[in-house]
Amino acid sequence: MGIIKTDKLVFEYIRRDEDGNVEGINRAVDEVTLDIKQGDFIAVLGHNGSGKSTLAKHMNAILCPTEGTIWVDGRDTREEDEVWNIRQTAGMVFQNPDNQIIGQVVEEDVGFGPENMGVPTKEIWERVEESLKAVGMYEFRKYSPNKLSGGQKQRVSIAGVLAMHPKCIVLDEPTAMLDPNGRKDVIRAIRALNDVENVTVILITHYMEEIIHADKVFVMDEGKIAMQGTPKEIFSQVEALKALRLDVPQVTLLAYELQKKGIALPDSILSIEEFTKEVMHYYEQKGRKA
Amino acid sequence: MLRDITLGQYYQTESVIHRLDPRVKLAGTVIFIISLFCFDKGWGYIGAAIFLAIVIKLSKVPFKFMIKGMRSIMFILMITVVFNLFLTPGEVVVSFWKLQITKEGIRIAAFMVIRLAMLLIGSSVMTLTTTPNNLTDGMEKAMRPLKVLRLPVHEIAMMMSIALRFIPILMEETDKIMKAQLARGADFESGNIFKKAKAMVPLLVPLFISAFRRANDLAMAMEARCYRGGNGRTKMKPLVYKKRDAIAYLVLFAYLAGSIAVDKLLW
Amino acid sequence: MAIILDHVSHVYGGDTTLSVKALNDINLVIPDGQFIGLIGHTGSGKSTLVQHLNGLLKATSGSIYFNGQDIDDKDYNRKELRSKVGLVFQYPEHQLFESDVFSDVCFGPKNLGLSKKETELRAYDALRKVGLPEECFYQSPFDLSGGQKRRVAIAGVLAMKPEVLILDEPTAGLDPKGREEILEQIVKLREESGITIILVSHSMEDVAEYVDRILVMNHGEVMYDDVPREVFKHYKELESVGLAAPQVTYIMHKLKAAGLGVDENATTISEACEEISKVLL
């Protein structure tokens, strides 16, 4: 069994009118079955309201399934005694950088998780230091979070989770409120965690550039997993992605448009280098024929 | 900019007073205030003033910073003076129209001004030399005995420190919403008090909604990081008494006993 | 008729040691009907600049003229200026406060002292313009989706019938389709009513597609002011100040460098597609 496994996971919101009568039931997650391997970099895509955030909150036992089961490192999230172990195993970073920093000084915020877990003082300091170094924020340890940029705050939040020594980190649209530079820094930090520390990463996003390096991508729509595969497999289906309110990187789209014009390029080109190579290859072959 | 406003106006420098345990400083402030209310002759105040002057000197905080806090309370100070001056019965010194100033009135008004001024300066020594974090930590630990009375000591301290963190954020948010409504032609300034109160609705409703959303997000983030109240929690920066704290306690009690003795025993 | 900025500077923090120069000697002419992209990283001064255009911030030095009048004149009507130069802030849905969508959109025109009938007509018109379905008009704004809330907030400014519409990061936090929908709505709005639009954005891809002119800001100064393809020629300089040209620019330069005879200044996908297929087919 992988680090996170779900079996026909269902989550329903009950909508009520002003008098508290049940108006209807929304199925936010609809029979999702997946299995995530330890050490993988997983991306979850989907438009707003597709159920991806709801699914993420199950991985940290913030929400409990209405039906079906989710196991985090083999623990069923419905067992109440396991909740704290689960939260320690699967850390979570949220969207709004301002609303998840508790400490008034960067280092104190990073120490918040370990404090809650009852880690001895000396070890807290060690963990804070190594976590801040891992996300490149060590030199800011004495700063007030209010003085940091959005991207820096998100990296502090990631360090805060890292200091709990999780096996897995779930990031719920961590870059949605950042500018392009902040986004790049955060994504770089996340990739480093995965490569260097071998932490399983589950990145929820709707920025396509961020998922190119993922081991596996899940695309959600209406609470269901609509597509899954490697980034290459996903991006080869430009029309299907568009139908799911998503887009593809410009380079992929350009290749796709050229294909439509009858230029035989391979499917799902993801990088500029690859694109240039393929276009030049095509050009040379054409020259040879002529 | 609004984010730069700091509460409790901590003054960053290195000094013995800065390094003291926050509990010592809390206790010191309380002891100092008690002493001020124990005196009934001038001698005690002179003693208190000397003590305060030494502490300020040790704290390395410029005196003008201490005085800054006084400006806001000047008004209250004046009212106290006026009331005491005119409303204390006794031997009349000056009288005009229906008002009389008595000898007792002058005495009480003078004492009151000295008392309030020293109280204020005394407590600002504490806030100027202690970071807000340190202060809430100190309060949490100092109030721990009150847990027996089922007082949620840890929760109160946690609330205070979260409030301190979010005040600048909410101030900035207020500024933003205000500007957004101004851009829609809102007018927060003209009209009578009722009109002004009504004009605040477009500001307050979004502000409350945002505050609740933030609270909700924060609660979730805290739970996700295994927060479950104060039990079983360890501290990254635990408060531990050092030798200097013990000395400070001794000095404090010596001051309390000494100044009261001087006040009562001298004629 | 236009907005003219003449040597405008803005300093935060007064004359203390902490003062920050947010705008430094800005000179600009914004003619009627132009579609402008204002680009810069966080803290480059772009938000400060747009708040000057409708009088929310006052220039520390220099003058701003709107339709020939100095907006800092004592008897200049600031309220009217704010209705003529509509400013939609970042995350504008955070300013919604009324119990239903329609009343919220009425807030702006009502503040202008218009009659009830005129107010409602304008609100209705504005909501139509942002493409909000009619069944949402009497719902609570807080029950709508993120993209819909944003439309309501934009309508709230449009209902004041501005001559200039400034949108600060109107697509922040939306999903790709939501972004595209909002941008297309803005383009349509411009085509239909011909108003001046200033789009503040981080995203070169968004801007390249639609605007006539790009203003790049850095450290409180205008770094580039030109048509998109000219600005993107400086993609290396843009990178050095924390910005980037659209991916297409990089692709075209790379192809050119590899020896393919394309015009490297194509900035949109369709232009690039055209260029490449010309050579390959």
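1. Chain B reads α-α-α-α-β-β-α-α-α-α-α-α along its sequence. That comes to 10 helices and two strands, where helices (H or I, at least four residues) and strands (E, at least two) are DSSP runs, numbered from the N terminus. The model is predicted: local features need pLDDT of at least 70, side-chain atom pairs count only at pLDDT 80 or more, and totals for chains, interfaces and linings use all residues. Residues are numbered from 1 along each chain as its sequence is written, while chains are lettered from A and ligands numbered from 1 in the order in which they are written.

2. A compact globule of 267 residues would have a radius of gyration near 18 Å, but the value for chain B is 24 Å. The radius is taken over C-alpha atoms, and the rule is 2.2 Å times the number of residues to the power 0.38. The C-alpha trace of chain B spans about 65 × 60 × 40 Å along its principal axes. Of its 267 residues, 24% count as buried. Buried means 20 or more other C-beta atoms within 10 Å of a residue's own; exposed means 12 or fewer, partly exposed in between, with C-beta atoms placed from the backbone.

3. Contacts in chain B come next. Take those between residues at least 6 apart in sequence: 75% join residues at least 24 apart. Two residues are in contact if their C-beta atoms, placed from the backbone, lie within 7 Å.

4. Chain C has 11 helices and 10 strands. Its radius of gyration is 20 Å, which agrees with the value near 19 Å for a compact globule, because the rule is applied to 281 residues. The C-alpha trace spans about 65 × 50 × 35 Å along the principal axes. Of the 281 residues of chain C, 48% count as buried. Among its contacts between residues at least 6 apart in sequence, 62% join residues at least 24 apart.

5. Chain C holds an open, mixed sheet of six strands, in the order β6-β7-β8-β3-β9-β10. The edges are β6 (85-88) and β10 (221-226) of chain C; each has a single partner strand, so one side of each lacks a neighbour in the sheet. Neighbouring strands are turned by 15 degrees against each other on average, direction ignored. Pairing here requires at least two DSSP bridges between two strands.

6. Within that sheet, β3 (residues 35-39) and β8 (residues 196-201) of chain C run parallel, joined by five bridges. C:Phe35 has C:Ile197 of β8(C) as its bridge partner. Helix α1 (residues 46-53) of chain C packs on the sheet and touches β3, β6, β7 (164-168), β8 and β9 (213-218) of chain C. Its direction makes about 155 degrees with that of β7(C). Axes are lines fitted to C-alpha atoms, for helices over the stretch in contact, and angles run from 0 to 180 degrees between N-to-C directions.

7. In chain A, look at strand β6 (residues 90-93). Both faces are covered: A:Ala90 and A:Met92 on one side, A:Gly91 and A:Val93 on the other, are all buried. Four bridges pair β6(A) in the parallel sense with β7 (residues 168-172) of chain A. The partner of A:Met92 in β7(A) is A:Val170.

8. At the A–B interface, 30 residues of chain A contact 27 residues of chain B. On the chain A side, α2 (83-89), α3 (106-117) and α4 (121-134) are the elements giving two or more residues. α3(A) gives the most, with seven residues. The chain A side divides into 13 nonpolar, 13 polar and four charged residues. Ala, Val, Leu, Ile, Met, Phe, Trp, Tyr, Cys and Pro count as nonpolar, Asp, Glu, Lys and Arg as charged, and the others, Gly among them, as polar.
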